[in-house]
Amino acid sequence: MGILYFKLTFDIIYLGDNMREYMREHIELIDNYIKGKKHVNLNDVINDHLKKISFFQHERLIHLLVTLFYAIITLFFLVLTIVSYLFIPISIIVMIFLILYIYHYFYLEKGVQYMYKQYDILKGLGK
């Protein structure tokens, strides 16, 4: 059971890294397309870009909800530390997770906002 849990945990962390890489690769692809001289299949590129934006918006929403959940849990455990000092280690662990989720959420937020700017540039290329 412990090996399976470690494998699932490692896979989840690895998949999270893949999401960042996926976003970075797509942003670079669109940046290279914008910098290029030929803008072939512009409507297909715009439609694909809009689809990717919606994927990342969904990912961002899920991470916002998880971040809010961790914030509530963190506050709960911080209040419990008033009752007993035994909750201090749990509070610290939950706070670390909260900080990591906030960092990842803002990475997604910044990436999606940059993709909005790319979309505006792509629409300007069509004129």
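Reader: In what order do the elements of the protein chain run from the N terminus on?

Author: They go α-α-α. That comes to three helices and zero strands, where helices are DSSP runs of H or I with at least four residues, strands are runs of E with at least two, and numbering starts at the N terminus. Mind that this is a predicted model, in which local features need pLDDT of at least 70, side-chain atom pairs count only at pLDDT 80 or more, and totals for chains, interfaces and linings use all residues. Residues are numbered from 1 along each chain as its sequence is written, and side-chain values use heavy atoms, with hydrogens and water left out.

Reader: What average pLDDT does the protein chain have?

Author: The average is 86, and 86% of the residues score at least 70; pLDDT is the predictor's confidence in each residue, from 0 to 100.

Reader: And where does pLDDT stay under 50?

Author: Over residues 1-15, which have zero contacts beyond four places in sequence in the model (contact: heavy atoms within 4.5 Å).

Reader: Why are H2 and H3 called roughly antiparallel?

Author: Check the angle: the axes of H2 and H3 (residues 88-125) cross at roughly 160° and come within 8 Å. Axes here are lines fitted to C-alpha atoms, for helices over the stretch in contact, with angles from 0 to 180 degrees between N-to-C directions. Over 145 degrees counts as roughly antiparallel (under 35 is roughly parallel, 65 to 115 roughly perpendicular, the rest oblique), so H2 and H3 are roughly antiparallel to each other.

Reader: Which residues does Arg-60 touch?

Author: Leaving out residues up to four places away in sequence, Arg-60 touches Tyr-105, Leu-108, Glu-109, Val-112 and Tyr-116.

Reader: What makes Val-79 exposed?

Author: Its relative accessibility is 52%, so Val-79 counts as exposed. Val-79 is also in H2, and its C-alpha atom is 9.3 Å from that of Ser-91, twelve residues apart along the chain.

Reader: How much of the protein chain is buried?

Author: Buried residues are 27% of its 127 residues. As for contacts between residues at least 6 apart in sequence, 77% join residues at least 24 apart.

Definitions and conventions: Buried < 20%, exposed > 50% of the residue type's maximum accessible area, 1.4 Å probe, protein only.
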